[in-house]
Amino acid sequence: MTARVIDGKAFAARIREEVAGHVARLRAGHGIQPGLAVVLVGEDPASQVYVGSKGKQTVEAGMASFEHKLPAETTEKDLLAVIDRLNADPKVHGILVQLPLPSHLDSDLVINRIDPAKDVDGFHISNVGLLGTGQKSMVPCTPLGCLMLLRDLHGSLAGMNAVVVGRSNIVGKPMAQLLLGDSATVTIAHSRTKDLASVCRGADILVAAVGRPEMIPGDWVKPGATVIDVGINRITTPEGKTRLVGDVDYASAAEVAGAITPVPGGVGPMTIACLLANTLTAACRANSLPEPEGLTA
Amino acid sequence: MGATLIDGKAIAAAMQARTRAEAEALAADGWMPRLVSVSVGDVAAAELYVRNQRRHASAAGVEFEERNYPGTTSLEQLSGILAGLNADPRVHGIIIQRPLPGHIPVKALQTAIHPLKDVEGMHPASIGKIVYNDLGLGPCTAVAAVEILKSLPLTVEGLDVCVIGHSEIVGKPIAFLMMGLGATVTVCHHMTRQVAVHSRAADAVFVAVGRPGLVTGSMLKPGAALIDIGINRVTDADGGMRTVGDADFDSCAAVAGWITPVPGGVGPVTVAVLMQNAVSATAAQRAQYRAAFAAVD
């Protein structure tokens, strides 16, 4: 059996289109233009690429994009002042601080300064707790993207056995919460798990988010399972070239799985699409308008 | 019976002795820990709990004040009352007694308490900290269940744990606390297809559902620890009432390595955790006060 390949790129394009449609209606019907502010401190080249493509996609969706590029030596006080201003700005519905921050800045302090209602990354401690208590929150983008892919594939996840490998704050833990929220039976496995292979083999849904290239071989995958590979690892091939691979050994897993996300082109494109969806959701909530369906948990 | 009976009262007494020593040290420093219990409407419903809390507070060296408000008090008025308690430096912890009248959403009150005074550990920020593995003030029942497990001669790291019940204040926080300690956790609930498949694979089972007899001996791995958080009132064959947990005690005790009785297991430890939270909250407020006002040392 060969797995169905989950086309994250096409799905993300569909989400962005949907978001753009809602944005157009908000602007025409209510005169509201959702706005996303991205704060970048320093000149990390990878971060600059991310911020650039976030800004571009924000504008393409019809939203306002505000970029705040601050020098690497920005003090904590100055950065917090920028956050305070964005918190107060009614044109800004979403605030994203690009991580990692330079080492002299305390990222927890900075993230927790963001108004939770504008925290479109979903990393503010209140949003983490709201998600943990099943209340309305801002949901972290990558796990939200995974959830959307799973719902699209399966409809209901109720009663399915889901295994999340990796317990990171930005993917593993919120992913587990979201799967529980959709009534899956959830196991969170990690580096201390005794028999990872057998835990994985019990999964109808296997989400890999550890950041170790191709660590999950095909024979850990239950036949017919859905495999969501969140890992993005750059490796050097024997020929000396580099390429991107996931946490799952794609070739062997695709022989066994029912459906699988490729790397790249699977989960990756969903992240920015969900960022836009979160900004839209935040704008609707800020204006006491009904939030669009299917774009958040 | 094969299992060792876990003595919740003894664990609670040991915790209470430590709490009392800390409370006395704080009091000697001018920071006598003080809890305020807020009940609304029918006082009788919560009377048993409140009396129990008062007794334990007194034993732990914590002051305990009861405030009862009429059932007609509005949410706005209660929010104002909580704002007053938040601002009052003589109050270190606030307890919201349940049940509340129908027009008062409990989550709104829990969110209105300042996180530093949230001794019940129900504020989204308190839950968020647990998810991020930074335990400050945790929900008392969940923390009590985990404290009990930690008192057993088991290595928690790598332990296979099954949590039955995914409530926001018990099941889910237990899952995240145990995961933070390095356990591999599976969360089961009413949509789980075969709970026994998961529970039988576990070295430790937590059950918090509220259904007597839900867990039977055949669902356990021989020698496993069973922490029973359920509290159910049942009628005996002879018409008498008694309190039982979610486990079928006799069959489970024959298979398990350790088991908590109901009553006398998790219950007493829960109140001990509340008092421990009161002392931790007082210490945290002292630290915050000093950072803000007493920098000239």
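Two strands count as paired if DSSP finds at least two bridges between them. Helices (H or I, at least four residues) and strands (E, at least two) are DSSP runs, numbered from the N terminus. This is a predicted model, in which local features need pLDDT of at least 70, side-chain atom pairs count only at pLDDT 80 or more, and totals for chains, interfaces and linings use all residues. Residues are numbered from 1 along each chain as its sequence is written, while chains are lettered from A and ligands numbered from 1 in the order in which they are written.

**Stop 1**

Please show chains A and B together. An open sheet of 12 strands, with mixed pairing, runs in the order 1(A)-11(A)-8(A)-7(A)-5(A)-6(A)-6(B)-5(B)-7(B)-8(B)-11(B)-1(B). Strand 1 (4–5) of chain A and strand 1 (4–5) of chain B are at the edges, each with a single partner strand, so one side of each has no neighbour in the sheet.

Now select strand 6 (residues 185–189) of chain A: this strand pairs with strand 6 of chain B in the antiparallel sense, over 3 bridges. Which residue of strand 6 of chain B is the bridge partner of A:Thr187? Look for B:Thr186.

Move to strand 5 (residues 161–165) of chain A, which is joined by 4 bridges to strand 7 (residues 205–208) of chain A, the two running parallel. Here A:Ala162 stands opposite A:Ile205.

**Stop 2: where the chains touch**

Residues are in contact if their C-beta atoms, placed from the backbone, lie within 7 Å. By that rule, 26 residues of chain B are in contact with 25 residues of chain A. On the chain B side, helix 5 (124–131), helix 7 (171–180) and strand 6 (184–188) each supply at least two residues. Helix 5 of chain B gives the most, with 7 residues.

Colour that side of chain B by residue type and you will find 10 nonpolar, 9 polar and 7 charged residues. In this count, Ala, Val, Leu, Ile, Met, Phe, Trp, Tyr, Cys and Pro are nonpolar, Asp, Glu, Lys and Arg are charged, and the others, Gly among them, are polar.

**Stop 3: an enclosed strand in chain B**

Select strand 5 (residues 160–164) of chain B. A residue is buried if 20 or more other C-beta atoms lie within 10 Å of its own, exposed if 12 or fewer, and partly exposed in between, with C-beta atoms placed from the backbone. In this strand 5 of the 5 residues are buried, so the strand is largely enclosed by the rest of the structure. B:Asp160, B:Cys162 and B:Ile164 point one way, while B:Val161 and B:Val163 point the other way.

Strand 5 of chain B pairs in the parallel sense with strand 6 of chain B over 5 bridges, and B:Val161 stands opposite B:Val185.

**Stop 4: the nonpolar core**

A nonpolar core is a set of buried Ala, Val, Leu, Ile, Met, Phe, Trp, Tyr and Cys residues joined through C-beta atoms within 7 Å. The largest one has 185 residues, and those with the most contacts inside it are A:Val207, B:Ala145, B:Val205 and B:Leu226. Helix 10 (residues 268–286) of chain A makes the largest contribution to this core, 11 residues.

**Stop 5**

Domain bounds here come from an automatic or database domain assignment. For chain A they give domain 1 (30–121) and domain 2 (141–269), with centres, taken over C-alpha atoms, 29 Å apart.

Still in chain A, find the open sheet of 3 strands in the order 3-2-4, with parallel pairing. Strand 3 (64–70) and strand 4 (94–97) are its edges, each with a single partner strand, so one side of each lacks a neighbour in the sheet. Strand 2 (residues 35–41) is joined to strand 4 by 4 bridges, and A:Val39 stands opposite A:Val97.

**Last stop: A:Val245**

Is A:Val245 buried, exposed or partly exposed? With 19 other C-beta atoms within 10 Å, A:Val245 is partly exposed. This residue is found in strand 10 (residues 242–245) of chain A.

Definitions and conventions: Two residues are in contact if their C-beta atoms, placed from the backbone, lie within 7 Å.
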